[in-house]
Amino acid sequence: MKKLTILFLFTCIVSSYAQINIGKSKSPINLYVSKHKQAVFDNLKKTKTVFVVPTQLNAEEYKAVIKEVWDFNEVVFVDQETYNNEGEKYISSDNSILRLVDNGYTKEKTGGVMGPGTRTVGEYIVFKFMMISDFQNIKKNKKGKLKYDALNIAEIFFTPNIRMRQDISSKMRIGSMDKINEKYGEEPGFYNFDMGYVKNYFQELNRRLSNSENLVMEDGIEKDEKIKELKEKTLYAPKWILKKYNALAATWGKTREPEELFGKYGHTYEIIDNNDLNSKILKGEDFYYLMHTQFNQKKIVSVIHSLTGEIIYLKEDGSYNIKDSDIKSIAKLIK
């Protein structure tokens, strides 16, 4: 794999509505992790977590949220510019580092049925918070660059919106996309990289680290007693889940009506603006909300508790878009 200076997509569209993995990552571009042993959690607890404050978020608001939700171990803050210039001084067995990774990767292949040349067969976006620790074999090479071994502890993924995926995709299209872009009105960006969601994800990460719990998305989550609370409570969902992505063309599909997704739900739900949902979380309101995660060719549907960040339901499946059958699966557990 080779790092890209410009992010874009090709054969596989990589995207993710934020979700958490806690385990040893097997690749920067997929969801697969192996579970940590107890010793990893024990050693992690003894470190300080260096939170690198991303420039994409309000620094003071970000710090306030972390201070509110994080009690697993001691916290240190460093701004992104300082870390970029002086990051090596934080590489220590006494520290863990949690920072936002904004990279692109490409996969190339030489030879085969398409001829002897080298060609790109896959390009990927990686936009996630990543926590690393267990720094070992720390030394400098002959050029003075620091080298070390480290363990990937956890990841929190986020997604580009449809407009961003469309703009950076190298797939061929017929005609101009201007009219489509004007119709949907999106600027390139991320659907849920907002402080309320960030708060919930760090709450869940902090809780699981404190309890020495791994979180492997493939295993799924069904907390039956919590899910049954939805029989009497409203399930909220951000309005953007109604947008359907055309994976073949890497562009817009259509915007569905709420009944197309929730017609088989049978309980109270409410589709609200993303900013309103985010605001309700930050205000400390107590409710459950639906989250749709799309990463590569894997779809994850989850239900999250706004007050604690606890994930009470999570199911991984193939496909790109959330479907009425996904909502029906949740409904079956409520009854």
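Modeller: Glycine 189 counts as buried, with a relative accessibility of 14%, where buried means under 20% relative accessible area, exposed over 50% and partly exposed in between, using a 1.4 Å probe and protein chains only. This is a predicted model, in which local features need pLDDT of at least 70 and side-chain atom pairs count only at pLDDT 80 or more, while totals for chains, interfaces and linings use all residues. Residues are numbered from 1 along each chain as its sequence is written, and side-chain values use heavy atoms, with hydrogens and water left out.

Glycine 189 belongs to the loop between H5 and helix H6 (195-210), helices being DSSP runs of H or I with at least four residues and strands runs of E with at least two, numbered from the N terminus. Setting aside neighbours within four places in sequence, glycine 189 is in contact (heavy atoms within 4.5 Å) with Thr159, Pro160, Asn161 and Met164. Arginine 165, 24 residues from glycine 189 in sequence, is 9.1 Å from it, C-alpha to C-alpha.

Turning to the rings, the whole structure holds 19 aromatic pairs, counted when ring centres of Phe, Tyr and Trp (its six-membered ring) lie within 6.5 Å, with planes under 30 degrees apart called stacked, over 60 edge-to-face and the rest tilted. Tyrosine 184 and tryptophan 252 make a stacked pair, 3.8 Å centre to centre with 5 degrees between the planes. Because tyrosine 184 lies in helix H5 (residues 178-184) and tryptophan 252 in strand S13 (residues 251-255), this pair ties together parts that are 68 residues apart in sequence. Both tyrosine 184 and tryptophan 252 are buried.
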